[in-house]
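The structure comes before the details.

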Amino acid sequence: MYRALSSFILLLPLLPTPLLAHSGHGQAPLTTPSESDWATRHLAEEHHISNFDAGAFFTLHDFDSSLSWTPDEIRRLYGLDDESQRGVDEAKKAEVVRRTLETFDTDGDGSVQRGEWIDGWRAGKRLEDFGLGPGHHGDDEYEYEIHHFEKFHDENTKEEDLTHPEDIAHFRKHDEQEAAAQHQEQMDRMPIVEQNIPEKFRRH
């Protein structure tokens, strides 16, 4: 674990300024009124953004820069493929995509075009809250930084300060991934020994 911790500490000065600007031990996270729509709460909790327009929201979640949201991108927007949603059945996830398309896909082509989204937003349409959380769609590193590091640590954090259960679990996962990669690399370098190949797979 200490190798991963050390690597992260070395990267702290390279983190984007906005990520560290909100940091601070014990600093309260960005909050929104409970009556706020899901998109507003999503940006506050997942991106620490409180001021936005419809176009900016769309572009942020246009993950392939195609000027449209595909069903896969809608799934990602809502964080449906995140580990936290493993207990949600596929029928519910399909419902999220279907109802979002019903709301914004006015030409029925199976995707939400940027213009459709902006027109819908201006008409008062909003992303529905399906009760599945704020929409975790970053990678492990991003989610750790947003939901833990920014709240409890800052740019002055030292290796010995990273002792919270979330810190330990995060860097343990780093170490496990590194160990698995090293093992696979060793296996890839090993010569193939014919005697170790099962008979049914050998060429005759």
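E73 touches H61, D62, F63, D64, S66 and S68, not counting residues up to four places away in sequence; contact means heavy atoms within 4.5 Å. This is a predicted model, in which local features need pLDDT of at least 70 and side-chain atom pairs count only at pLDDT 80 or more, while totals for chains, interfaces and linings use all residues. Residues are numbered from 1 along each chain as its sequence is written, and side-chain values use heavy atoms, with hydrogens and water left out.

E73 is placed in helix α5. Helices (H or I, at least four residues) and strands (E, at least two) are DSSP runs, numbered from the N terminus. E73 is buried but has no salt bridge, and R76, the nearest side chain of opposite charge, is 6.8 Å away. Buried means under 20% relative accessible area, exposed over 50%, and partly exposed in between (1.4 Å probe, protein chains only). A salt bridge is a side-chain nitrogen of Lys or Arg within 4 Å of a carboxyl oxygen of Asp or Glu. For charge, Lys and Arg count as positive and Asp and Glu as negative; His and the chain ends are not counted.

The largest nonpolar core has 23 residues, of which F57, W69, Y78, V112, W117 and L127 touch the most other members. At least two residues of this core come from each of α3 (38-47), α4 (54-60), α5 (71-77), α6 (90-104) and α7 (114-122). The most is given by α6, with 4 residues. A nonpolar core is a set of buried Ala, Val, Leu, Ile, Met, Phe, Trp, Tyr and Cys residues joined through side-chain atoms within 4.5 Å. Leaving aside residues up to four places away in sequence, L127 touches W38, A39, F57, W69, L77, Y78, T100, F104 and W117.

In α7, the buried residues are E116, W117, I118, G120 and W121. Their cover includes α3, α4, β1 (68-69), α6 and β2 (112-113). After α7 comes G124, with a positive phi near 95 degrees.

Positive phi also occurs in H48 and in L67, neither of which is glycine.

| Residue | Loop | Phi | Relative accessibility |
|---|---|---|---|
| L67 | between α4 and β1 | about 65 degrees | 53% |
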